[in-house]
Amino acid sequence: MFSRLLVIAIAGLAACSPLSDRIALSPLPSALELRPLVGSAMVRTISLPTYAAAEEIAFETADGRIVIREDVLWADEPERAITLVLTRTLSDILNTDVGPDPWPFVGLPDVSVDVRVERMLGGLDGTFELNGQFFVASEGAPFRDSTHSFEIAQPMRDASVTSISAAQSAALLELAEQIAATLGR
């Protein structure tokens, strides 16, 4: 009887706890327009560090610790959201078929883009950092395979969730433009 009451009490407390607010990652438009060197490109699901792949929003403290904010969550799974933002932005810049993995079109894409993020974090120092590598691989058409490093820093007004989100969007725009430069001219 006691265990049954305990389960009911815990369920009641869980139902009363407030829901966390959610913030969506907003893609920024690019002024860059390039002529594509490929007819199509697939963006593989972005690989993120554990803290960046969580729905909680992380930031770095002055002493270098990564702290998780649990009061505000990302509106979508970060790997999915970032993959879709890069896909949309690359498509707009190159004006060609760009799709996420799994490839939504018939046949193979000309190339695939694989992004591996090593660091994606806003800090109390007022900087949002996005570092890692991206790889371009030939899939369905001859294209020179290549690897590229990126180190992007965007300023933040403060350590608020809104500032982190805005700086992350700006960093992803810069990354998309770097990737597009390898696929177009």
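This is a predicted model: local features need pLDDT of at least 70, side-chain atom pairs count only at pLDDT 80 or more; totals for chains, interfaces and linings use all residues.
The crossing of helices H3 and H4 is right-handed.

Helix H3 covers residues 78–94 and helix H4 covers residues 161–183; their axes lie 9 Å apart and meet at an angle of about 50°. H3 is therefore oblique to H4. On the H3 side, the contact is made by Ile82, Val85, Leu86, Thr89, Leu90, Ile93 and Leu94. On the H4 side, the residues are Gln168, Leu172, Leu173, Leu175, Ala176, Glu177, Ile179, Ala180 and Leu183. Sorted by class, the contact between H3 and H4 has 13 nonpolar residues, two polar ones and one charged one.

**Helix H4**

From its first C-alpha to its last, H4 reaches 33 Å with its 23 residues, close to the 33 Å expected at 1.5 Å a residue. Of these 23 residues, 17 are buried, so H4 is largely enclosed by the rest of the structure.

**The chain**

The chain has four helices and eight strands. Along the sequence they follow the pattern α-β-β-α-β-β-α-β-β-β-β-α. The chain has 185 residues, and 43% of them are buried. Among contacts in the chain with a separation of 6 or more, 70% are between residues 24 or more positions apart.

Ser165 lies in helix H4, while Thr61 is found in the loop between strand S3 (56–60) and strand S4 (66–74). Buried means under 20% relative accessible area. The table gives the value for each residue.

| Residue | Relative accessibility | Class |
|---|---|---|
| Ser165 | 7% | buried |
| Thr61 | 14% | buried |

Thr61 is in contact with Val67 and Leu124. The C-alpha atom of Thr61 is also separated by 9.5 Å from that of Ala159, although the two residues are 98 residues apart along the chain.

Key
Residues are numbered from 1 along each chain as its sequence is written. Side-chain values use heavy atoms; hydrogens and water are left out. Axes are lines fitted to C-alpha atoms, for helices over the stretch in contact, and angles run from 0 to 180 degrees between N-to-C directions. Helices (H or I, at least four residues) and strands (E, at least two) are DSSP runs, numbered from the N terminus. Angles under 35 degrees count as roughly parallel, over 145 as roughly antiparallel, 65 to 115 as roughly perpendicular and the rest as oblique. A crossing is left-handed if the near helix is turned anticlockwise from the far one by less than a right angle, and right-handed if clockwise. Contact means heavy atoms within 4.5 Å. Ala, Val, Leu, Ile, Met, Phe, Trp, Tyr, Cys and Pro count as nonpolar, Asp, Glu, Lys and Arg as charged, and the others, Gly among them, as polar. The expected span of a helix is 1.5 Å times one less than its number of residues. Buried means under 20% relative accessible area, exposed over 50%, partly exposed in between (1.4 Å probe, protein chains only). Lists of a residue's contacts leave out its neighbours within four places in sequence.
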